[in-house]
Structure formats: structure tokens, C-alpha cells
Amino acid sequence: MPKVVDIHTHMYPPEYIRLLKSRSAIPLVRSFPGAPDPRLVLLSAEVPLLEKHEEDQQNQKDENLPLPGRPLTRHFSSLDQKLHFMDTHGIDISVVSLANPWLDFLPGSEAGDIAQSINNEFSEMCARHPGRLYFFAALPLTSPLPTIQSAITHASSLPHCRGIILGTSGLGAGLDDPSLLPILTLLASSNLPIFLHPHYGLPNSVYGPRAAQGEYGHVLPLALGFPVETTIALARMFLAGVFEQVPDLKIILAHSGGTLPFLAGRIESCILHDGYLVSSEGGRVNRTERRTLWDVLRTQIYLDAVVYSAVGLRAAVEAAGGADRLMFGTDHPFFPPVGGEAGDEDGEWESVGLNVEAVKGGLDGDDEKVAGVMGENAVRVLRLEGE
Ligand code: URA
Ligand code: ZN
């Protein structure tokens, strides 16, 4: 039987949750009177509502505002719950990663030790369930370069580590920052793919004042801010020539590449029509010898299949150059069923069903391709067999 593999699935180990409980700025965990679960507040788009609650509390006002963030259920940190979720959805293997914002907010002096401890914790979880769990390690990106390099060496020594999860901020200046090149080069030579995942989204101002009051829930930052962030990060790396400089680098893009499958053609056209880039007096881009974004997508990029529709999945397959470069994911524990009729969190999740249907529908029921995207591609690309 072909394996079903979930390559996009997160956890916050208990140590990380304890850290969030001690904080007063995002990311944080906070309890609110009357709310059954504490709230996990992660995104800058959630800050206006958090601040409104704080103001109301100070002024002893009760405006009946929606709660900020999301309920911190046991799904976020319990390994038993992860295994239950896998069993419920027929998932044989999960490649688990720390969820956003990883270690990006820690002081550099602490991040190295915390990275080591969290990566060890993931490694131990995997070792307790041989053949079922692997992980992407987290890096202490606020620490000095030698600490980050040691964390990569440590990660590659852990037997169940299959890559690293990375946000778009890099060392603070984004992924086109030349200072990041030694890290990217070390990852490539260590055969550790990057799972590139968004967190920072777009400035709150683009979502408008009604979103700031919580009127639109999380829809704008999650459905649009996240994918656009990923698209911009990858476009910056491409424009900076990172893929030429580190030709062995492999990146798995979250959410089927954000909007890249749809926008790669436009990015290509904008380059070709950019009078500065292609100027005959030494512009940075050589029209005839340049490597195209399509080529990068088809050689150094893999896409997860977390796209929720057959339309998006078909675009992702085309952009990636074939169904053998896509890998199924769930984004568990985000997107649980909500509202009575959607069922409960211990049952089947609609968000998973949407992605399974997208794979089947987008590949027109081609059993071999479906088996590839649902797991066999991940087994091959991430070397998951053998236990
Ligand atoms: N929301 C997040 O903050 N992270 C995810 O991975 C998905 C949804
Ligand atoms: Zn995710």
C-alpha cells in the first residue's frame, strides 16, 4: 500500500507553550474571563483586537468583542493528539515542524540553547514512534552565525530530522540578504531542504479598520497575507540570484507556493520589461542566458499540496513541472472544525478533506499521481523509508 504522508503539520512542544505563557507581547498565550481555553495570539493582525481587550479591561468596559487569536487546545502540544489525528485521517507518516513564529522572537543569547532543546524534543518524539514521525528542525536565527551553524550541524546529526522550517525574515532582513548565504550553503551541503512557511503577512493597514475590530476573523491575513508573503520572499531570493549561488539548495514552499503558480509568468514578464534590470549597459539580467523562475521552480522547488481546491492544485502541478514535486499536508492543528455542524476536533477535519479532494480532483483521479502527492513523493524526496 502506498504511504500517506503529511509534510505540513505543526506542534508547539510544552516548553514552547510555557515560554508563550510568560510573554506580554505576541506571540503569547493569555486567558480571558469566560473563555473555555486560553488564547494563542500569534499574528500582528491579531494585535489590534488584543489591545482593544486590554483597553476594555482597564476601563471596565464590556463591548462583547470577539476574542483575539485562537483557542489553545490540546491539539497544539499533545503528541497523543497528533497520533490520534493521523489515525483518524489515514496518515501513515507525519513530518512535524514547530509552528510559527518558531524562534524568531527570542533574544539571540537564548535562542541557541532553546533551539537545541526543542529540536531534541522533536527528535525524542520521533524516536518514540519509529517509522511514523520525522521532523523539520527550527533554527536560532537571532543568534550569531556560528550558533546558527552549530544548530544546523546538530539538526543534521538527529536521525529523524529531514530538513529545517524557515520563516521569511531570515536574519532580520529577509531571504535575499547576502549574510544568509553561508546558512543556505550549509543547509544545501548538509542535504537539509528548507520548508519555507509564512508568518508575518502584510501590514495591518491593507486589511482596513473593520478587520482590526475583528469583523472578518482571520480570513484576510491567513488566506491572502500568508501566501503573498511566501510569494514575495521567494521572488526576492530569485531576483537576488540565490538559486544560482546555491544550486543544490532545495526549498519546499508552504501552501503550494503562495501565489507563485499564478504569478510566475507575470514576474518573468516584469523582469524582461524592466529597463533597469535588462539595460544593455551592464544591467544585472542577461536576456538570453538568464535562468528563469520556471526553471528554478522545476529544479529547486517543491510545493506542498495545502491549497484546498483542484483549480489551485492543477496550477501548482503545472508550475512545479509535474505532480512528482507536490507533497500532501494538513496544516494541523490549525483549521480545526468550527461550528456545531462541522463536527468535533476528535473526528474528521473538513480542512483535511478539502485538501484530499483537491489532490484527487486536480489530478483527475490518476491513481499513480495521487499516490505520489499523497505520500510517495515525500517518501522519496525526504528519505522516509527504512524503519
Ligand atoms: N495559522 C498560523 O498561524 N500558522 C499556520 O501554519 C496556519 C495558520
Ligand atoms: Zn502551517
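The legends below describe an overview and several close-up views of a predicted model.

**Figure 1. Overall fold of the predicted chain.** The chain contains 14 helices and 11 strands. Its radius of gyration is 21 Å, close to the 21 Å that the globule rule gives for 387 residues, so the chain is as compact as a globular protein of that length. Taken along the principal axes, the C-alpha atoms fill a box of roughly 65 × 50 × 45 Å.

**Figure 2. The span annotated as a domain.** An unreviewed UniProt entry lists residues 116-384 under "domain: Amidohydrolase-related". Within this model the span of residues 116-384 is 46% helix and 9% strand, and its end C-alpha atoms lie 23 Å apart.

**Figure 3. Packing of helix α4 against helix α5.** Helix α4, which covers residues 108-127, and helix α5 have axes that come within 10 Å and cross at roughly 10°. Because angles under 35 degrees count as roughly parallel, α4 is described as roughly parallel to α5. On the α4 side the contact is made by G112, A115, Q116 and N119, and on the α5 side by T147, A151, H154 and A155. The residues of this contact of α4 with α5 divide into three nonpolar and five polar, with no charged residue.

**Figure 4. Packing of helix α5 against helix α6.** Helix α5 (residues 145-157) also packs with helix α6 (residues 181-189), at an angle of about 15° and with the two axes 10 Å apart. The angle therefore makes α5 and α6 roughly parallel to each other, and their crossing is right-handed. In this view L145, I148, Q149 and I152 of α5 meet P182, I183, L186 and L187 of α6. The residues of the contact of α5 with α6 comprise seven nonpolar and one polar, and no charged residue is found among them.

**Figure 5. The oblique crossing of helices α12 and α13.** The axes of helix α12 (residues 310-320) and helix α13 (residues 350-362) come within 8 Å and cross at roughly 60°, an angle that makes α12 oblique to α13. The crossing of α12 and α13 is right-handed. From α12 the contact draws on A310, G312, L313, R314 and V317, while α13 contributes A358, V359, G361 and G362. Sorted by class, the contact of α12 with α13 has five nonpolar, three polar and one charged residues.

Definitions and conventions:
Residues are numbered from 1 along each chain as its sequence is written. Chains are lettered from A and ligands numbered from 1 in the order in which they are written. This is a predicted model: local features need pLDDT of at least 70, side-chain atom pairs count only at pLDDT 80 or more; totals for chains, interfaces and linings use all residues. UniProt positions are given in the numbering used here, feature names are shortened, and annotations may be inferred rather than shown by experiment. Helices (H or I, at least four residues) and strands (E, at least two) are DSSP runs, numbered from the N terminus. Axes are lines fitted to C-alpha atoms, for helices over the stretch in contact, and angles run from 0 to 180 degrees between N-to-C directions. Angles under 35 degrees count as roughly parallel, over 145 as roughly antiparallel, 65 to 115 as roughly perpendicular and the rest as oblique. A crossing is left-handed if the near helix is turned anticlockwise from the far one by less than a right angle, and right-handed if clockwise. Two residues are in contact if their C-beta atoms, placed from the backbone, lie within 7 Å. Ala, Val, Leu, Ile, Met, Phe, Trp, Tyr, Cys and Pro count as nonpolar, Asp, Glu, Lys and Arg as charged, and the others, Gly among them, as polar. The radius of gyration is taken over C-alpha atoms; the globule rule is 2.2 Å times the number of residues to the power 0.38.
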